[in-house]
Amino acid sequence: MIFWKLFYTFCKIGLFNFGGGYAMIALIQNEVVEKQGWMTMTEFTDIVATSQITPGPIGINVATYAGYTAVVNAGYDPFWGVAGAFLASFSVILLPFILMLLLSRYLLKYKDDKIVKTIMSVLKLAVIGLIAAAAVLLVNPETFGSWSESPLQLCVSIALFAAAFFASLKWKVSPILQIVIAGVVGVLVYYF
């Protein structure tokens, strides 16, 4: 049954996620696209894009949309899709919540211990890798386009990526302003 698989899958994702929402994206993609086949890579890319522009933590937003999409793609009514969204959201935070309740007392008590500091420094490196994997995962033909199918989309995507990168790095332009400018450029290029 799809609901049991959703619960199990998102509990597993929540339990093994370190580093927050962006680190979670690669884990979710691996489970829902590669292993379970609940959606296509195009659908997953759309889910990530939508999750980035909606309020709330991106990892939970991705889980919510992925739960809905998985249930609807399995042939259920959209009402059950909403139940799948709630189940995926609940499942992805359930075990980390319980784990943090149990461990927080000990982490605060032993935060200056050499072993705890070593574990935390190794986890930081793992988180960097997971976030980098999520970034690389989203550089695909569904997002950027390809030379064979849509060269204009690919060129515009690369130009917007480079402009946003340098605007952030060099001039510290607000991400909100960058999103608005990219949206306007996208409308102008693709509408006209």
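Me: What volume does the largest pocket have?
Reply: In this predicted model, the largest pocket has a volume of about 1400 Å³. It is lined by 31 residues, and those closest to its centre are Gln52, Thr143, Phe144, Phe161 and Ala164.

Me: Which helices each supply at least two residues of that lining?
Reply: At least two lining residues come from each of helix H2 (21-35), helix H3 (41-53), helix H6 (114-137), helix H7 (141-144), helix H8 (151-169) and helix H9 (175-191). Among these, H8 gives the most to the lining of the largest pocket, with eight residues.

Me: And by class, how many nonpolar, polar and charged residues has that lining?
Reply: The lining of the largest pocket has 20 nonpolar residues, together with nine polar and two charged ones.

Me: OK, how much space lies in the second largest pocket?
Reply: The second largest pocket holds about 440 Å³ of space, and of the 16 residues that line this pocket, Phe18, Leu99, Met100, Leu103 and Leu107 are the closest to its centre.

Me: Where does the largest share of its lining come from?
Reply: The largest share comes from H5, with six residues; helix H1 (2-15), helix H5 (78-109) and H6 each supply at least two residues of this lining. By class, the lining of the second largest pocket has 14 nonpolar and two polar residues, and no charged ones.

Me: Switching topic: which residues in the largest nonpolar core touch the most other members?
Reply: That core has 27 residues, and the ones that touch the most other members are Phe10, Ile25, Ile28, Val32, Phe44 and Val62. Two or more core residues come from each of H1, H2, H3, helix H4 (58-73), H5 and H6, and H4 gives the most to this core, with six residues.

Me: What does Ile28 touch, then?
Reply: Leaving out residues up to four places away in sequence, Ile28 touches Phe10, Ile13, Val33, Phe44, Gly59, Val62, Ala63 and Ala66.

Me: Now the whole chain: how many helices and strands are there?
Reply: The protein chain has nine helices and zero strands, and its C-alpha trace spans about 60 × 45 × 30 Å along the principal axes.

Me: What percentage of the residues count as buried?
Reply: Of the 192 residues in the protein chain, 31% count as buried. The accessible surface of the chain comes to about 12200 Å², and 74% of that surface belongs to carbon and sulfur atoms.

Conventions:
Residues are numbered from 1 along each chain as its sequence is written. This is a predicted model: local features need pLDDT of at least 70, side-chain atom pairs count only at pLDDT 80 or more; totals for chains, interfaces and linings use all residues. Side-chain values use heavy atoms; hydrogens and water are left out. On a 1 Å grid over the protein atoms alone, a cavity is a set of points where a 1.4 Å probe fits but cannot get out, and a pocket is an open set with protein on both sides within 12 Å along at least five of seven lines; lining residues have an atom within 4 Å of a point. Grid points are joined across faces, edges and corners, and a volume is the space filled by probe spheres set on the points. Helices (H or I, at least four residues) and strands (E, at least two) are DSSP runs, numbered from the N terminus. Ala, Val, Leu, Ile, Met, Phe, Trp, Tyr, Cys and Pro count as nonpolar, Asp, Glu, Lys and Arg as charged, and the others, Gly among them, as polar. A nonpolar core is a set of buried Ala, Val, Leu, Ile, Met, Phe, Trp, Tyr and Cys residues joined through side-chain atoms within 4.5 Å. Buried means under 20% relative accessible area, exposed over 50%, partly exposed in between (1.4 Å probe, protein chains only). Contact means heavy atoms within 4.5 Å. Accessible areas come from the Shrake-Rupley method with a 1.4 Å probe; for residues, only the protein chains shown count as cover.
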